[in-house]
Amino acid sequence: MSAQDDLRVQDGASDRDGLIHPEIAKPADESARSQDGRRLDHAEATTKPLSAEPQAARAREPQPRGAKIRGDRPIDQAEAAERFLAAPLHQKAHDERLWDLRKKRDTAAFGIPEWEELRELASQIKAHTLSRLDEYLEQFEAQAKANGVHVHWAADGAAHNRIVHGILKDHGARSLIKSKSMLTEECGFRHYMATTGIEVIETDLGERIQQLDNEEPSHVVVPAVHKTRFDVAAVFAKTMGTDPENDDARYLAESQRMHTRPLILEADAGLTGCNFAIAETGTVVTCTNEGNADLSGNVPKLLIHSIGIEKLIPRIEHLGVFLRLLARSALGSPITQYTSHFRKPRPGTEMHMVLVDNGRSERLGMEEFWTSLKCIRCGACMNTCPVYRRSGGLSYGATYSGPIGLIIDPTFNKRKYSTLPFSSTMNGSCTNVCPVKINIHEQIFAWRKVLAEEHQIPLLKQGMMKAAGQVLSRPAAYRAAIGAADSALRALPRFAVYNPLNTWGKGREMPDVPRQSFHAWYKQNRMGKKNDMGKKDALR
Amino acid sequence: MSARETTLATIRKNRPAGDHPLPEIPLFAPLVGDDLVAEFGERLKRMGGRVADVVPGEDPFASVRERLETAKVIASTVPEITGNRDLARVALPRDLADVDVAVVRAVFGVAETGSVLFTQEQLQVNSVAYLAQHLVVLLDPADILDTIQTAYRRPDFAQASYAVLHTGPSATADIEGVLIHGAQGVRSLTVILLPRNSAEQ
Ligand code: SF4
């Protein structure tokens, strides 16, 4: 019996044709069909045709923008969430679309009897690699060099940008095509390059939309998920001269293809991110649906891979574990359209790999938080998070949003991201879906304590912490309380969830909660059965 | 200290406590039935690919004949189809931008996902698999593996300069979740189940 079944969030949507917001269902369906006529929903496609298009909506609702950034001052996520909630069309489409991804993920996971075992293996492989990261990095570097690749090391984001700029300058490159990479976002690469006169062209459709709109990606997998087709039509009309009245998704996507293709053909260099870096072979693996990493990697004569040092895994064989988890967790598909393995430069070309630290080696030493380095950026924790779905990724004002963002953003800037760990209902759903078993919600809780102790959080929230303290400050008591009640939320003091700052609690009486809490499930199903599993991930 | 030395030294200083052995990876039982050809075809179709069975005695390329006949530029790496663009003489990868149909043979297929594997050796010029409008793939039914795990135990990945699993055509749903094929790469991918020795028959 799949334990996950019991954890399925009660969305109450079964009697509404499977939708949380049936009013945004679209009668006509533009999505591609299979050879035998079935509607397809692979890649990031929705299971049910969706559109923010009820006729009334044609009176356009402007896209809510993200959090206001004021230097190092703490991000007011609740304020941005408030504006997102005040745009019901956007909010519902966003909620529905990500919930759909979450449900597809469940279906895909239930289809694999060894799912839990795979998660445990993935978690162990990552823990092992991180515990010997120095050795695996040296092995990777030696292999890559033996393959004829130039290897660079970047201490931080600025160094990454300088190194890549340097490589491009050395080759007299005037334009760079790139595929999606959260690492380059983290490094502020695009902004940096804007000052150099070298043109950077994003080739992932979602990322390109965001680039043309001068906005950061709002989700690690679907960067423009917070935008409606009207928003995209407006951006393309302004930047590519498409018909502003035509918001047909096919027209928009085709226009982008035609517009971007010459830029791809003429580009002097290509850059990709990295999903997995294989130590034993020096291989960089990318997973995409559009094939744009392969265009970036195979058309220009100069290729650069930007690699976060935590992407290492020891052997090719381990891809057999991670690939089975990644696309199923992210999209509910068994695999992405393209899984690409770059090892050696093509004849007559140059390949560079930049290994980026940017705080990762320091994070490794944080006892409570180092396991966040296991993250494979699947986005499942975001899709399942009620706060994220209702407030949009840009409301976090950080490169990484949603539950994973809450636990890694403060490592980049404690003051600026001090309020983010409070943007959580602590329902534990993120932890349940994470394919590498990061104890996300416990780390969120641990950050709250750290930030409160260091006086990084506003007084109001400190008061909230104190009042909730009895239950919240002692994880054991917290777990018992959750087990005793129906859900985490009911166990928490009501104002801890429904605080004036907790905007995302509005609009619905109770955020989604698991039918059975993770810990109750864990105790019931895992403890005693598999003690070895219990120990490492056991909740401190 | 160089960035390399600093990062490695910091990692050594911050090595997580405890023992974290590398687990043995068990070989999981395949979740596909015995008919690997049928399983492969079903998975591929769900990922937006097309699959053509070959009826003995009939034109194996019947399903793509029209596409081949209307194509101006065909790049073929297989003896079964003669193209009009010689990949051995392509100066730059971008010169393949006008290819209408590319025909290549897969190293193997994977039933669990409906994927096919190409390496730089098959593709000759890697960009052909992305710049062409349509991709026609020959796959020997005997070359279909059961699972992804089995696939990653093959030596191809460690040997090839570039190896890629294609599972259906280029796809995007970045605009409101509407699925569109041909985002940046090929608009269609058709697998023709044709044994390797068919050219000599
Ligand atoms: S924390 Fe886990 S669920 Fe969230 S993006 Fe990372 S791997 Fe996926």
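Helices (H or I, at least four residues) and strands (E, at least two) are DSSP runs numbered from the N terminus. H9 itself spans residues 205-212 of chain A and is mostly covered, with eight of its eight residues buried, buried being defined as under 20% relative accessible area, exposed as over 50% and partly exposed as in between (1.4 Å probe, protein chains only). Those buried residues include A:Leu205, A:Glu207, A:Arg208 and A:Leu212.

Following the helix comes A:Asn214, whose phi is positive, near 55 degrees.

## Basis of the description

The model is predicted, so that local features need pLDDT of at least 70 and side-chain atom pairs count only at pLDDT 80 or more, while totals for chains, interfaces and linings use all residues. Residues are numbered from 1 along each chain as its sequence is written, chains are lettered from A and ligands numbered from 1 in the order in which they are written, and side-chain values use heavy atoms, with hydrogens and water left out.

## The interface of chains A and B

In this interface 107 residues of chain A are in contact with 76 residues of chain B, and the area buried between the two chains is about 7900 Å², of which carbon and sulfur atoms give 57%; buried area here is the accessible area (1.4 Å probe) that two parts lose on being put together, summed over both. In chain A, the residues that lose the most area to chain B are A:Gln35, A:Arg257 and A:Tyr338, together 9% of what that side buries.

Between chain A and chain B the count is twelve salt bridges, a salt bridge being a side-chain nitrogen of Lys or Arg within 4 Å of a carboxyl oxygen of Asp or Glu. H11(A) gives the most to the side of chain A that touches chain B, with twelve residues. By class, that side has 45 nonpolar, 30 polar and 32 charged residues, where Ala, Val, Leu, Ile, Met, Phe, Trp, Tyr, Cys and Pro count as nonpolar, Asp, Glu, Lys and Arg as charged, and the others, Gly among them, as polar.

## Individual salt bridges

Over all chains the count comes to 48 salt bridges. One of them pairs the side chains of A:Arg38 and B:Glu42 at 3.0 Å, N to O; A:Arg38 lies in the loop between helix H1 (3-7) and helix H2 (77-85) of chain A and B:Glu42 in helix H2 (residues 36-46) of chain B, so the pair joins two chains. A:Arg38 is partly exposed, with a relative accessible area of 35%, and B:Glu42 is also partly exposed, with 23%.

Within chain A, A:Arg105 forms a salt bridge with A:Asp106, the closest N and O atoms being 2.7 Å apart; A:Arg105 is buried at 0% relative accessible area and A:Asp106 is buried at 3%. In chain B, the side chains of B:Asp59 and B:Arg65 meet in a salt bridge of 2.8 Å, N to O. B:Asp59 counts as partly exposed at 33% relative accessibility, and B:Arg65 is partly exposed at 30%.

Conventions: Contact means heavy atoms within 4.5 Å.
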